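Subject: Structure for you to look at

Hello,

I am passing on a structure that you have not seen before. Please open it first; my notes follow below.

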Amino acid sequence: MAETPRLPGLALADADWLVTAALRVGADEGFPPLAVAVLDVTGSVIVLRRADGGMPMTSRIAVAKARTALLTLRPSGAVELPAPITSSIQHLYDGDFVPYAGGLLITENGVILGAAGASGAHAKEDERAVRSAVDQWHEYRSGSV
């Protein structure tokens, strides 16, 4: 029987690790309950978790921030477009375009492996949780932790 091909990028264990780390950062920093999503390179969700007490809408926003990073090839908070263009893009992508901080690409050696997004706190705090998790994951993968 032929082996099923696999997309390059993050494995489930990587995505679990990243989500757990971001949720831990949020809790340790005293942020409101976060939702954190990790997506593969196609924009499909690998892992999505919402902390106890988190607002239900934060799950969808976390996914949208990660997809925004994938669509623009930059952090979701670095997207600066006029409101009419943002509105058009949001319509084009059924609301999965959220140009606010909290969505980051996950890369290794210049190659995109996926993206992570968080929602639930202030946008800069969402991004801080995700950035910290991604930085820790790189250290973990390099064996320096």
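A crossing of two helices is called right-handed if the near helix is turned clockwise from the far one by less than a right angle, and left-handed if anticlockwise. In this predicted model, α1 crosses α4 in the right-handed sense.

The helices in question are α1, residues 12–29, and α4, residues 123–142.

On the α1 side, the contact is made by Asp14, Trp17, Leu18, Ala21, Ala22, Arg24, Val25, Gly26 and Glu29. α4 contributes Arg128, Ala129, Val130, Ser132, Ala133, Val134, Gln136, Trp137, Tyr140 and Arg141. By type, the residues of this contact comprise 11 nonpolar, 3 polar and 5 charged.

As for the whole chain, it has 4 helices and 4 strands. Read from the N terminus, the order of elements is α-β-β-α-α-β-β-α.

The radius of gyration is 15 Å, which agrees with the value near 15 Å for a compact globule of 145 residues. Along the principal axes, the C-alpha atoms fill a box of roughly 45 × 40 × 30 Å. Of the 145 residues, 42% are buried. Taking contacts between residues at least 6 apart in sequence, 63% join residues at least 24 apart.

Regards

Technical notes. Residues numbered from 1 in each chain as written. Predicted model: local features only at pLDDT ≥ 70, side-chain atom pairs only at ≥ 80, totals over all residues. Heavy atoms only, no water. Axes fitted to C-alpha atoms, helices over the stretch in contact; angles between N-to-C directions. Helix = DSSP H or I, 4+ residues; strand = E, 2+ residues; numbered from the N terminus. Contact = heavy atoms within 4.5 Å. Nonpolar A, V, L, I, M, F, W, Y, C, P; charged D, E, K, R; others polar. Rg over C-alpha atoms; globule rule 2.2 N^0.38 Å. Buried < 20%, exposed > 50% of the residue type's maximum accessible area, 1.4 Å probe, protein only.
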